[in-house]
Amino acid sequence: MKFRAKIVDGACLNHFTRISNMIAKLAKTCTLRISPDKLNFILCDKLANGGVSMWCELEQENFFNEFQMEGVSAENNEIYLELTSENLSRALKTAQNARALKIKLTNKHFPCLTVSVELLSMSSSSRIVTHDIPIKVIPRKLWKDLQEPVVPDPDFFSFCLPFLRLCKILNLQVIEANLDGELNLKIETELVCVTTHFKDLGNPPLASESTHEDRNVEHMAEVHIDIRKLLQFLAGQQVNPTKALCNIVNNKMVHFDLLHEDVSLQYFIPALS
Amino acid sequence: MSENELDTTLNLKCKLGMKSILPIFRCLNSLERNIEKCRIFTRSDKCKVVIQFFYRHGIKRTHNICFQESQPLQVIFDKNVCTNTLMIQPRLLADAIVLFTSSQEEVTLAVTPLNFCLKSSNEESMDLSNAVYSEMFVGSDEFDFFEIGMDTEITFCFKELKGMLTFSEATHAPISIYFDFPGKPLALSIDDMLVEANFILATLADEQSRASSPQSLCLSQKRKRSDLIEKKTGKNVTGQALECISRKAAPRRLYPKETLTNISALENCGSPAMKRVDGDVSEVSESSVSNTEEVPGSLCLRKFSCMFFGAVSSDQQEHFNHPFDSLARASDSEQDMNNGSFSIF
């Protein structure tokens, strides 16, 4: 198993650092999947996470000047590593004004992801900073639990960019949306019920038109979720998405799909049982 | 600096609580703007230090702080005979320090004649499997002064380094680092126009030895810190002595092969025997050992004692006569100070 990659472009490095910070806010421990074209940060829906799962995907060629990997075997040309997200984001933070950043898989007493940075300095010699982040290699038999989650045929979806920004301010409990481009955020307590209405959000074309033809366009699908999970997701947003999709499976879960130029992030929050 | 009614100078050795002094000198900006004069004197009859601020329009504010007499620790350490000397801007050290997390207890400084490296202590990284190991290499040309007599790797307490750095950022003066082989103290010093401060840190005496068996027993040292910061003003120097006692206790493992070397290493760096260094100056050090901690199945965290001292470079003629007054000391050392002896357990 081998992995080495290098970033020399400052903008790419900053972008990668921001993504890593976002991941660190969303998941304490996550899985890093390395494949020939992509890097994925994965959180799978275990009870420990409260049922929340995450799938973040980057096209490696948008970030790295050099990228070489050799997976577990020729047929399974992938590497799955488990690491503490904060370790990676902290290591990247020290690479603020770096001339170059190298990441590679090493084995110094135990398997590590070594982040090596060449920093610009006042004098002629540069400073070299190295961080060895301990990782666990995930054996192949566990890979099946870490695949891209299948989005169940959602009842309704809509684009909801402004919704994300507003969510940070409100206390949400219920999200409902319909096919007519409307989205409602509700909080209900014994004494008060507050609803915020969004109109004129787009609905993307549905994959299978036939099943939804007879559905009333104004009928709302709703899901009750834990506010904290949603807030945690929103608090981690450092990368402004160009497009945000919110899919609701009635009373089952809400699925957010954020698209940025070269990174996509999917986040699943289950309904409260 | 200290007077009684008869206007004779006394040399008073006392200590004051930092908690009493800090609030008086808070809000530096407003102090500078409004205060015309500040007078500090002692009234030994009442065991008080009096700090008076004279404002405009005849307004005077007086603070009375009780002091306690004490026998301050005296450290003997001549930094000028150290093999390795560096002088750096605080900025560089600050850049290196951000690499490490606040949970990092020890760091290792490794130097060769060409470069300088600050890194996580190997011992610690090995014990905690989730710890990130970090290091920073800096070229010798970033230093104001770089003289390395021999390749050295020494390990010392990270918190002390951070504390000292915070202090140095207030003075903007470069920091000088003096050190020798592992086990011998390391000195960090700042020499400004108004202030000279020296921090003497203990360093780990052991070589970087690893226990191959996870069930090795270790004697771990309870960490004890005491801080002494001495300051002098440029003009009113009555006389100082370089008197220091350095005390360090290196952890020892009951791992058969290493026991002997460890003990001898300890003895080499300042054992209870008195040594004569630099004429009349003597060095006494003690090492004390706490209870054995047995942690089967895992490596013990090794800790070692570390002390901060202020040591003022001596006026060579006056050695013992006028040990310098220390104003303040961290309260956690009160116990052993009151006893006047070194036992801490």
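Mentor: Begin with the open sheet of 3 strands in chain B, order 2-3-4, with antiparallel pairing. This is a predicted model, where local features need pLDDT of at least 70, side-chain atom pairs count only at pLDDT 80 or more, and totals for chains, interfaces and linings use all residues. Residues are numbered from 1 along each chain as its sequence is written, chains are lettered from A and ligands numbered from 1 in the order in which they are written, and side-chain values use heavy atoms, with hydrogens and water left out.

Trainee: Which are the edge strands there?
Mentor: Strand 2 (35-43) and strand 4 (60-66) of chain B; each pairs on one side only. Strands here are DSSP runs of E, at least two residues, and helices are runs of H or I, at least four residues, numbered from the N terminus. Two strands pair if DSSP finds at least two bridges between them.

Trainee: How many bridges between strand 3 and strand 4 of chain B?
Mentor: Strand 3 (residues 48-55) and strand 4 of chain B share 7 bridges, antiparallel. In that pairing, V50(B) has N64(B) as its bridge partner in strand 4 of chain B.

Trainee: Switching topic. What is the order of the open sheet of 9 strands?
Mentor: 5(A)-1(A)-7(A)-8(A)-9(A)-9(B)-8(B)-7(B)-11(B), with antiparallel pairing. Strand 5 (66-70) of chain A and strand 11 (152-157) of chain B are the edge strands. Neighbouring strands are turned by 15° against each other on average, direction ignored. Axes are lines fitted to C-alpha atoms, for helices over the stretch in contact, and angles run from 0 to 180 degrees between N-to-C directions.

Trainee: How do strand 9 of chain A and strand 9 of chain B pair?
Mentor: In the antiparallel sense, over 5 bridges; strand 9 of chain B covers residues 133-139. T130(A) stands opposite E135(B) there. Within chain A, strand 8 and strand 9 pair over 8 bridges, again antiparallel. L119(A) stands opposite R127(A) in that pairing.

Trainee: What lies across strand 9 of chain A?
Mentor: Helix 3 (residues 90-97) of chain B. It also lies across strand 8 (115-120) and strand 9 of chain B, running at about 155° to strand 9 of chain B. Helix 5 (residues 158-171) of chain B packs on the sheet too, touching strand 7 (106-111) and strand 11 of chain B. Its direction makes about 80° with that of strand 11 of chain B.

Trainee: How many salt bridges across the interface?
Mentor: The rule finds 2. It asks for a side-chain nitrogen of Lys or Arg within 4 Å of a carboxyl oxygen of Asp or Glu. R127(A) forms one with E142(B), the closest N and O atoms being 2.9 Å apart.

Trainee: And how many over all chains?
Mentor: 12 in the whole structure. One of them joins E118(A) and R99(A), 3.2 Å from N to O. E118(A) lies in strand 8 of chain A and R99(A) in strand 7 (residues 98-108) of chain A, so the pair ties together parts 19 residues apart in sequence.

Notes: Contact = heavy atoms within 4.5 Å.
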